[in-house]
Amino acid sequence: MREAVSMTVIANGEIWCREDYDRAREISGCRHVMIGRGLLSDPGLAREIKGLGPKAPWEEALGWYEAYVRESFESKGEIFATARAKQWMKNLGRRYDLAKTTFEETKRLERSAEILETARTLCHN
C-alpha cells in the first residue's frame, strides 16, 4: 500500500516497546510509526525508541500523570479528569508495577484530587 499511494503512510498497532517499533518498520517498510496506547503505558517510549534512554523512571511518569490530571480538571472538569486519571493509571500498569497497585487503590475514588493524593502517597512510601 505504501508504494501505491502518493502520501505518507504511518504504521500503527501494538507498539509497546522498541522491538515492536523495529518490527513494525521492518514489516511495513514505513518510515513513520504511531505509538498511541504504548505511549500511555510508558510515557518515555518515544525517548526509548529514539535511543535517548531507557524506560522512564516511575517518578518521571508519575509527574507527567499528575500534570495531565490537573490539566484535564482545569480544562474539562471533574468527571472527565477522574475518568482519565483512572484510565491512564490502568494503562501505566502495563509497564510499572506500582501503577497496578495504585490503580487498585484509586479505581473506586470519585474525585481527581483524591486520586492524585493517593497516587502520591503510595508512590512515596
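# Salt bridges, rings and burial

Colleague: Which residue forms a salt bridge with Glu-48?
Modeller: The closest N and O atoms of the pair are 3.3 Å apart. The rule asks for a side-chain nitrogen of Lys or Arg within 4 Å of a carboxyl oxygen of Asp or Glu. The partner of Glu-48 is Arg-95.

Colleague: How many residues apart in sequence are Glu-48 and Arg-95?
Modeller: Glu-48 lies in helix H3, and Arg-95 sits in the loop between H5 and H6. Helices (H or I, at least four residues) and strands (E, at least two) are DSSP runs, numbered from the N terminus.

Colleague: Which pLDDT must side-chain atom pairs reach to count?
Modeller: Residues are numbered from 1 along each chain as its sequence is written, and side-chain values use heavy atoms, with hydrogens and water left out. This is a predicted model: local features need pLDDT of at least 70, totals for chains, interfaces and linings use all residues, and side-chain atom pairs count only at pLDDT 80 or more.

Colleague: How far apart are N and O in the salt bridge of Arg-95 and Asp-42?
Modeller: The side chains of Arg-95 and Asp-42 meet at 3.1 Å, N to O. Arg-95 is in the loop between helix H5 (78–92) and helix H6 (97–106), while Asp-42 is in the loop between helix H2 (36–41) and helix H3 (45–49), 53 residues away. The N to O distance is 3.1 Å.

Colleague: Is Asp-42 buried or exposed?
Modeller: Buried means under 20% relative accessible area, exposed over 50%, partly exposed in between (1.4 Å probe, protein chains only). Arg-95 has 22%, so Arg-95 counts as partly exposed. Asp-42 has 0%, so Asp-42 is buried.

Colleague: Which residue meets Glu-78 in a salt bridge?
Modeller: The N to O distance is 3.8 Å. Glu-78 is in helix H5 and its partner is in the loop between H6 and helix H7 (112–123), 33 residues apart.

Colleague: Which elements do the buried residues of H6 pack against?
Modeller: These buried residues are Ala-99, Thr-102, Phe-103 and Thr-106. They cover an arc of only 100 degrees around the axis, so they are on the same side of H6; the arc is that of the directions from the helix axis to the C-beta atoms. By contact (heavy atoms within 4.5 Å), they pack against helix H4 (58–76), H5 and H7.

Colleague: How many aromatic pairs does the structure hold, and what kind is Trp-58 with Tyr-96?
Modeller: Rings of Phe, Tyr and Trp (its six-membered ring) pair if their centres lie within 6.5 Å; planes under 30 degrees apart are stacked, over 60 edge-to-face, the rest tilted. The structure holds three such pairs. Trp-58 and Tyr-96 have centres 5.1 Å apart and planes at 50 degrees, so this pair is tilted.

Colleague: What kind of pair do Tyr-68 and Trp-88 make?
Modeller: Trp-58 and Tyr-96 are both buried. Tyr-68 and Trp-88 have ring centres 5.3 Å apart and planes at 85 degrees, so their pair is edge-to-face.

Colleague: Which charged residue sits over the ring of Tyr-96?
Modeller: The test is NZ of Lys or CZ of Arg within 6 Å of the ring centre and within 35 degrees of the ring normal. Over Tyr-96, the charged end is 4.5 Å from the centre. The residue is Lys-55.
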